[in-house]
Amino acid sequence: MYICSSKLRPFGTGVWKRQRKLTSVSPSSKYSRKPLRLSQAQHSFSRLGSGLQARCLSTTVDTSLRSKNARTISNAAAVSEYEDDWLKNTRGGKENERLLGTRGEDWWTGISPAESPKVVIGETGGIHSLPQLCLEGLTRKELQEYFDNSWLHTEILFSSLQGEEAFMRPPYHNLRHPLVFYYGHPASFYVNKLRVAGLLSSGLNDHFETIFEVGVDEMRWDDISYMQKDWPAVSEVHEYRQQVYQTVTNVITEAFQGDEKKKIRIVQDDPMWAVLMGVEHEKIHLETSSVLFRELPSHLLRTPENFVPTFKANGSRKDKNPTEGVDFPKNELIPVQGGTVFLGKDREYPSFGWDNEYGSRKVEVPHFSASKFMVSNGEFYEFVASGGYRNQKYWNDDGWGWRRFRNRKWPFFWEQRGPAGSHEYGLRTLFEVIDMPWSWPAIVNYHEASAFSNWKTEQLEGNGTELVAPLRMVTEAEHQLLRGEEHRNPISSWEFDPALKLSGKDFGEKAGANLNLAYGSETPVDFHKANENGFHDVIGNAWEWAEDDFNPL
């Protein structure tokens, strides 16, 4: 998150897809964890929700403690009754054995990592993302390679899971399906969308295309689902993926009628738009599934050979009491000149977009100040160590209810390394626990970000700092003004869009951002150079919370 200072206007813009950032660690759930950048603001309207996908939140706050307790007891009873029900989906024997250790060549249902274009193969063998496709004129090879790249990333990620338990055990919060669903879901999405587009006359497996069609959309943090389904064996889903891969490849081949030199321009009313939708949908699930992987017990995973490596932090181990200016950079508020901002994507822009991206809105943004960096683990540690998770005054009612329900005392991905109260932590990355990188962005949910903002306001005012209004997260429109001119809407030409030009292998060096799977983790908030406005990581590194709610343009 960023911290920011301005008067907040009730223009109700959205941020979900329009600010989406491709990394391997980017969650999308409304109670998921994202970094933050704070803002100083004078609220001039009542906030209806909280951050990304806020329109999904319940707008009614249950103020009855008895009601909350009764719900918790009911959920606890459900857990007791169903917590081991998932075991019925395990087969054991060879079905389990084939999912242990390094995957063999028969794991890959499409291309293998070694068959990837050289432009995406890193020094250690990690496979980066290709640039997003420019749709002005595509060859068969370009479209096939883009599909292959996305398909392969899913299979590399899932090759880390060890044994059937990793696929079949529901997540600890019971707000999502087990991972076997996310192994089959992107494949079934291709088939269902190709049928709707008229490119397939029938499905491949009616049962799979039903059970893998729809995920879980909770409405509150305690809206727990105990839907115990009879999931197919991983080997059966693997076989289905083989069939789907070949089907999509055939659709791509037929679109070019065997002409390798032919170029086609794909627009929204073209049936081939469904292929692009399938690829971009799979990329979203690479991000969201990676959060579920990061939540798994580490003994159920191994680091796959071909996943992009975690950023290697330098310095000695230090589990507690990080020093500002040494272990993490000092954050400060930078003034930003207000101005006119344009939100929305032009329908003629030659890249794929989701329906919620299109449209236009003109917003007049007043002057404000925003933090130079995303809030780092070191900066957030001060909130944790000072007892911020124990003090209700920093939390709104819904946030305090969540904190008590989950009994959170520090961010979820922080792992305790000492006795209670010692505040010694490591950090759980995608596949392993590492020494705490204090300079990486703090990955937290909206409730934690909001509580931190309130605590930080109190700290600054207590030190004599004059604030126009309490700190908060930036809005989508303010975020546009943090960006350099070349990244603001409307972008003058796609030729200046690095996302359409650079693979993840080159993105960090040539564009100064952690995008397109440049790394398999967050990077330090001060690792890449500041932009022309003095801000770091405005583009890339991880998804960011924003203060305004998701609304159509």
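**Confidence, contacts and cores in a predicted model**

Q: What share of the contacts in the protein chain with a separation of 6 or more comes from residues 24 or more positions apart?
A: Such residues account for 81% of these contacts, where contact means heavy atoms within 4.5 Å. The model is predicted: local features need pLDDT of at least 70, side-chain atom pairs count only at pLDDT 80 or more, and totals for chains, interfaces and linings use all residues. Residues are numbered from 1 along each chain as its sequence is written, and side-chain values use heavy atoms, with hydrogens and water left out.

Q: How do you know how confident the predictor is in the protein chain?
A: pLDDT is the predictor's confidence in each residue, from 0 to 100. The chain averages 84, and 82% of the residues score at least 70. Over residues 41-80, however, pLDDT stays under 50.

Q: What makes a set of residues a nonpolar core?
A: The set must consist of buried Ala, Val, Leu, Ile, Met, Phe, Trp, Tyr and Cys residues joined through side-chain atoms within 4.5 Å. Buried means under 20% relative accessible area, exposed over 50%, partly exposed in between (1.4 Å probe, protein chains only). The largest such core has 70 residues, and Leu143, Phe158, Leu161 and Phe167 have the most contacts inside it. A second, separate core of 35 residues includes Tyr381 and Trp455.

Q: Which residues does Phe167 touch, leaving aside those up to four places away in sequence?
A: Among them are Leu99, Trp107, Phe158, Leu161 and Val234.

Q: How many of the 553 residues are buried, as a percentage?
A: Buried residues make up 59% of the protein chain.
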